[in-house]
Amino acid sequence: MTHQQILSFAVIILMMGAFIWGRFRYDVVALCALLLAVAVGVVPYDQAFTGFSDDIVIIVGSALVVSAGVARSGLMQEAVQRFLPDINSLRLQLAVLVAIVTILSAFVKNVGALAIMIPVAFQFARRSNVSPSTFLMPMAFGALLGGLMTQVGTSPNIVVSRIRGELVGEPFTMFDFTPVGAVLAVVGLIYLTGFYWLVPQRSRGNVSLNEAIKIKNYASEARIPKGSPVVGKRVTDLIKPSEGEAMVMAIIRKKQRMTPLPDTVLAEGDVVLLEGDPKALDLVINSGKLTLNENRNPSDTSGSTDIEVVESVIGKNSRLIGLTAQKLELYARYDVNLLAVSRPGERITERPSEVTLRFGDVVVLQGRQAKLSTFLPEFELLPLARRKLMLGSVRRGLIPLAILIAAVIATAFSILPVAIAFFAAAVAMLLFRVIPLNEVYDEIDGPILVMLAALIPVSDALRVTGGTDLIAEGLAGIGTQLPPAGALALILIAAMIVTPFLNNAATVLVMAPIATSFATGLGFRPEAFLMAVAIGAGCDFLTPIGHQCNTLVMGPGGYKFADYPRLGFPLSVLIALVSVPTLIFFWPLQ
């Protein structure tokens, strides 16, 4: 072992130890590992920042924006309410999510399949009152397993198929991977559904301040416009999307206030007074296509990208104290809308515009950035921790879903590379104003992208210094001493171990020739060994850095580095145990 190889292994071992220790945030660990690798000379100066231009960074960042756009549209929430309205069992919800992601990943890029279903996972998490982390990691692992089922499901399958064509003269076909892949997908689905409790309940790292302020009793009002799907429906139909988190306090019909009964039939022009959690109110308003706030002129805001929704507390000396939005003519004089009011410890039954405001009230205001920037300090309003409040925001209907589908189709049929397709989709989300420009950088998880960019040159140091060749030689020496099933298992496990430090396609390029020489030296056919390489390279369940699907859910799930092996190590062992006999059965060694 050369001096450079020793140093590269030492840097990676120290880095992995720091990740597992968890004392410092993962992006700080990655940056320190990069600086150390440069300092000891295993990463050249001119290669230190190549990771920032790597396709994986672009894919993950773009997928986060695209997924946020789909979530913002509300379409996935509507789909859940329409097609999966009665699924309240946590285990059944998880099974549905993992199964859908797994099946989709067999035919489209797994990162795209995962991006489609992340908003549904958040909807199910809210329904079951659990952290989204319960769903996201199993879904990511399901996406990896689904990719094993077809030639186009994941990059290792494509690469190993090409290598078989070069070595044997006949590449694998589209569904040669299906028998073994389907068995592993079913086994994985059973495991992930049964042992989901191994995933810790996490909150997103950037919402600690937001979650510290739990405000559920917002009072808001909305008008039922012409064409609303709730015209002629009952009150219970209107609030059904909130799943008990919102309620109708009163109905105002032709200036007459009515007490709402569950079977009261709603009519066009009714004004409904709502109370509930902001997310629940948003679901009710969006699914019913209601119009918020009588004073708001949609034509003034629908074409603007600088509209903000701000949550603020009325300060002790605020000029709003003792006034109502109606008396103050808030919209006419200041171009600011009062969307909702919350008063700690008290239920508000008045219309928001008629509430006499007090010190400590929490108000949700909507307006242009410039107007709000002036209005808040002028009236001594104290903004709370920034929240993704979409109450009153403009929705873009089917546009975000169409953008995502276009990106998935472009990658499925090899029209565009994955990085270009998803980058274009993210830009389209901005051009079509699906996500306001002032919010887009909140959706791009900076620490995740920095971690990826820093780790790419560090992990590539193993290949550059010849560390991977050293591993290959060691495996070759051990493999010749094992029985066929043992050699097959060794190849698969080695690919699993190596793939976090190389990209999965590079793992196949390194391991496939070794697998073929194994088979030749033992007098066996190479297909099972090549398949083992593809399975090992496609199944990184131990780290957030081996595959972009794992990285994609790290931020939204609030996971730590050490969370992945808690669920992933038993799954890795299970996949290895099931893969070997299954490979031998479908791809006989002789």
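**Aromatic pairs.** I started with the rings and got a count of 11 aromatic pairs. My rule: rings of Phe, Tyr and Trp (its six-membered ring) pair if their centres lie within 6.5 Å, with planes under 30 degrees apart called stacked, over 60 edge-to-face and the rest tilted. I looked up F49 and F52, a tilted pair at 6.3 Å centre to centre with 50° between the planes. F49 is exposed at 60% relative accessible area, while F52 is partly exposed at 39%. For these words I used under 20% relative accessible area for buried, over 50% for exposed and in between for partly exposed (1.4 Å probe, protein chains only).

**Ground rules.** I'm working on a predicted model, where local features need pLDDT of at least 70 and side-chain atom pairs 80 or more, though totals for chains, interfaces and linings use all residues. Residues are numbered from 1 along each chain as its sequence is written, and side-chain values use heavy atoms, leaving out hydrogens and water.

**F141 and F541.** Next I checked this edge-to-face pair, 5.0 Å centre to centre and 65° between the planes. F141 sits in helix 7 (residues 133-147) and F541 in the loop between helix 24 (527-538) and helix 25 (548-557), 400 residues apart. Helices here are DSSP runs (H or I, at least four residues), numbered from the N terminus. Are F141 and F541 buried or exposed? Both are buried.

**Other rings.** I also noted one aromatic cluster made of F172, F177 and W587.

**L401.** Last, I found L401 in helix 17 (residues 399-412), partly exposed at 23% relative accessibility. L401 and S73 are 328 residues apart in sequence, yet 8.3 Å apart in space, C-alpha to C-alpha.

How values were computed:
Helices (H or I, at least four residues) and strands (E, at least two) are DSSP runs, numbered from the N terminus.
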